[in-house]
Structures are given as C-alpha cells and as structure tokens.
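Here's a quick briefing to read alongside the coordinates. Have the viewer open and follow the topics in order.

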Amino acid sequence: MAKFDVDAMLERYAERARAVRDRPLPPVAGEERRKFISQAEADFTDFALIANAAWEIDDTHLVLRIPLNTQG
C-alpha cells in the first residue's frame, strides 16, 4: 500500500472547494437552477470544512478536527 499523505488529501479537498466555487453556472433555469446552486453550496461547504481540518493520528485512527466557528 502506498504511503498515505494526509496533507495531500486535505489539499485535494481545498482544490475541490475552489473548483466548486469557481464552476460556472450551466444554462439551466427554474427548479433545475435552484437544485444546481443548492448542490454546489453543499459541495463547497463539505470540501472546505475538510480542507481546513487539523489532523492527528490517534492509535490507528486518522482524526480530523474541523473548526466550526464562523468568526474566522
């Protein structure tokens, strides 16, 4: 098994968050537009939360500590 690089994984999540944020809106209207925007917001939140996590190894578990404060 290849060596697992947690920092590289977190960077991939940061890249995904940037990609979702910068993704252009496709030519959809109405309900489909609302669904697309809602999904993009959820994807960005998920990716950004993981990308900003601090991590540690606890016994045999990878522990991600995700800051939940919204004040920066």
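Let's start at Pro 26, which sits in the loop between helix 1 and helix 2. Keep in mind that this is a predicted model. The protein has 2 helices and 2 strands, and they come in the order α-α-β-β along the sequence.

**The loop between the helices**
- Pro 26 comes out as partly exposed, with a relative accessibility of 27%.
- Count 10 residues along the chain from Pro 26 and you get to Phe 36; the two C-alpha atoms are separated by 8.6 Å.

**Overall shape**
- The radius of gyration is 16 Å, well over the 11 Å that the globule rule gives for 72 residues, so the protein is more spread out than a compact globule.
- Buried residues account for 15% of the 72 residues.
- The protein exposes about 5900 Å², and 54% of that comes from carbon and sulfur atoms.
- Take the contacts between residues at least 6 apart in sequence: 40% of them join residues at least 24 apart.

**Helix 1**
- Helix 1 covers residues 6-22, which makes 17 residues, and its first and last C-alpha atoms are 24 Å apart, close to the 24 Å expected at 1.5 Å a residue.
- Its buried residues are Val 6, Met 9, Leu 10, Ala 14, Ala 17 and Val 20.
- Looking down the axis, the buried residues of helix 1 fall within an arc of 145°, so they line one face of the helix.
- What do the buried residues of helix 1 pack against? Their partners are helix 2 (30-51), strand 1 (54-58) and strand 2 (61-65).
- At the start of helix 1, Asp 5 has a side-chain oxygen that reaches to within 3.2 Å of the backbone nitrogen of Asp 7.

**Helix 2**
- Helix 2 has 22 residues, which should span 32 Å at 1.5 Å a residue, and the end C-alpha atoms agree with that at 32 Å apart.
- Ala 40, Asp 43, Ala 48 and Ala 51 are buried in helix 2.
- Helix 1 is included in what covers the buried residues of helix 2.

**A closer look at Ala 40**
- Ala 40 is found in helix 2, and its relative accessible area of 13% makes it buried, because the cut-off for buried is under 20%.
- Which residues does Ala 40 contact, leaving aside its neighbours within four places in sequence? Those contacts are with Val 20 and Arg 23, and Val 20 is one of the buried residues of helix 1.
- Ala 40 and Asp 22 are 18 residues apart in sequence, with 10 Å between their C-alpha atoms.

**The loop between the strands**
- Asp 59 is placed in the loop between strand 1 and strand 2.
- Is Asp 59 buried or exposed? It counts as exposed, at 69% relative accessibility.
- The backbone is worth a look here too: phi of Asp 59 is near 60°, a positive value in a residue other than glycine.
- For context, most residues other than glycine have a negative phi.

Note on methods: Residues numbered from 1 in each chain as written. Predicted model: local features only at pLDDT ≥ 70, side-chain atom pairs only at ≥ 80, totals over all residues. Heavy atoms only, no water. Helix = DSSP H or I, 4+ residues; strand = E, 2+ residues; numbered from the N terminus. Expected span 1.5 Å × (residues − 1). Buried < 20%, exposed > 50% of the residue type's maximum accessible area, 1.4 Å probe, protein only. Arc of directions from axis to C-beta. Contact = heavy atoms within 4.5 Å. Polar contact = N/O pair within 3.5 Å; in protein donor to acceptor, adjacent residues only side chain to side chain. Rg over C-alpha atoms; globule rule 2.2 N^0.38 Å. Areas by Shrake-Rupley, 256 points an atom, 1.4 Å probe, with all protein chains shown as cover.
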